[in-house]
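Please look over the sequence and the model first, then read the points below by topic.

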Amino acid sequence: MAFFVFVIGTILGSFFNVCIYRIPEDESIAYPPSHCGKCNTKLKPLDLIPIMSWIFLKGKCRYCKEKVSIQYPLIEFLTGIIFTIIYLRFGFGIEFIKYTFLISILIISAVIDLKTQYVFFSVSLVGIVGGIIFSIVEIFINKNIFSVLLSIIIPLVILGLIILMTRKFDGMGIGDLEIFILISLYVSPKIVAVSLFLSIIFGGIVSAVIYLKGYRKKHIAFVPYIALGTLIAILFGEDIFNWYLSISMF
Ligand SMILES: [Zn+2]
């Protein structure tokens with residue numbers, strides 16, 4: 001079963017590659033079908049097997065031998081692994097569907113942010129609409145509406161303050177806030193808090209290293225750190241939160 005989830009993850013990862021490549025170019029993600037970026041040959045099913053095709057073709061196009069970025073098999077593998085971990089942690093159910101959907105949006109947004117330094121609202125919008133649907137379903141099942149509101153208020157206040165305080169340094173931006181609002185629609189207030197805390201630490205450490213090394217890049221892509229922080233928060237958030245409370249009592 002875990003292997004089946006892994007395979008489904010790699011197939012979806014292959015689709016995320018299409019999104020990552022085409023959304024910043026303002027191209028349709030549905031049409032035309034996958035083709036080589038150099039020779040434009042339409043790819044056949046044998047060229048589109050996640051991870052395996054790239055390995056068998058030694059990272060080159062079958063037709064024109066143009067190099068194919070290692071980003072493609074990496075995203076496929078990463079998506080497969082993350083889906084498997086979420087499955088092993090939560091089993092099959094609404095949590096599995098909800099968290100894999102959220103992480104999918106974060107993977108696409110994080111890689112686009114790394115490549116372009118932009119957060120694309122079209123991607124966030126899909127996440128926000130999905131989050132609203134999951135929230136409504138969960139409110140009907142058992143979730144407290146105040147818990148949903150609290151989840152949204154936490155990043156709004158904390159990130160809002162950080163953005164205001166660091167606006168001179170080009171720190172986190174509105175795009176990052178947008179990402180956190182969408183995350184808050186999927187997780188409990190505790191997990192939002194842990195995710196926010198971890199993202200700021202990861203992003204902060206990397207920013208400090210970049211700054212100390214003397215690079216003065218205009219923007220730092222924060223979404224990859226937010227995605228990593230959120231994944232850890234989803235998997236271990238409750239434990240981290242309780243551990244933090246226990247040490248801060250002393
Ligand atoms: Zn080609």
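How many salt bridges does the structure hold? The structure, a predicted model, holds five salt bridges. The points below cover several of these bridges, then a zinc site and a nonpolar surface patch.

**Salt bridges between loops**

- Side chains of opposite charge can pair when their charged atoms come close.
- E66 and K38 are joined by a salt bridge between their side chains, with 3.4 Å from N to O. This pair links distant parts of the chain, 28 residues apart: E66 lies in the loop between α2 and α3, and K38 in the loop between α1 and α2.
- E66 has a relative accessible area of 33% and is partly exposed, whereas K38, at 57% relative accessibility, counts as exposed.
- R62 and D47 form another salt bridge, in which the closest N and O atoms are 2.6 Å apart. Here too distant parts of the chain are linked, with R62 in the loop between α2 and α3 and D47 in the loop between α1 and α2, 15 residues apart.
- R62 is partly exposed, its relative accessible area being 34%. D47 has a relative accessible area of 10%, under the 20% limit, and is therefore buried.

- K98 pairs with E138 in a salt bridge whose closest N and O atoms are 3.2 Å apart. The two residues are 40 residues apart, K98 in helix α4 (residues 94–116) and E138 in helix α5 (residues 121–141).
- Is K98 buried or exposed? K98 counts as buried because its relative accessibility is 4%. E138 also counts as buried, at 10% relative accessibility.
- K98, E138 and K143 belong to one network, joined by salt bridges that share partners.

**Zinc site**

- Which residues coordinate the zinc ion? The ion is held by the SG atoms of C36, C39, C61 and C64, at 2.3 Å.
- The site is tetrahedral, with angles of 104 to 117° among the four donor atoms.
- Along the chain, the zinc donors are spaced as C-x2-C-x21-C-x2-C. Distant parts of the chain are linked by C36, in the loop between α1 (2–22) and α2 (52–56), and C64, in the loop between α2 and α3 (71–90); these two are 28 residues apart.
- C36 counts as buried because its relative accessibility is 10%, whereas C64 counts as partly exposed at 29%.

**Nonpolar surface patch**

- A nonpolar patch on the surface is formed by I139, I145, F146, L149, I153, L156, V157, I158, L161, M165 and I200, which together have about 1000 Å² of accessible area.
- Which helix gives the largest share of the patch? Helix α6 (residues 145–165) does, with nine residues.
- I158 is part of helix α6 and, at 37% relative accessibility, counts as partly exposed.
- L156 also sits in helix α6. Its relative accessible area of 42% lies between the limits of 20% and 50%, so L156 is partly exposed.
- Apart from neighbours within four places in sequence, L156 is in contact with L177 and I181.
- L156 and A110 are separated by 46 residues in sequence and by 20 Å in space, C-alpha to C-alpha.

Terms used: Residues numbered from 1 in each chain as written. Predicted model: local features only at pLDDT ≥ 70, side-chain atom pairs only at ≥ 80, totals over all residues. Heavy atoms only, no water. Donors = N, O, S within 2.8 Å, 3.2 Å for Na, K, Ca; no water. Tetrahedral: all angles 85-135°; square planar, octahedral: opposite > 155°, others 65-115°. Helix = DSSP H or I, 4+ residues; strand = E, 2+ residues; numbered from the N terminus. Buried < 20%, exposed > 50% of the residue type's maximum accessible area, 1.4 Å probe, protein only. Patch = residues over 30% accessible without salt bridge, like charges linked within 9 Å, V, L, I, M, F, W, Y side chains within 5 Å. Areas by Shrake-Rupley, 256 points an atom, 1.4 Å probe, with all protein chains shown as cover. Salt bridge = Lys/Arg side-chain N within 4 Å of Asp/Glu carboxyl O. Contact = heavy atoms within 4.5 Å.
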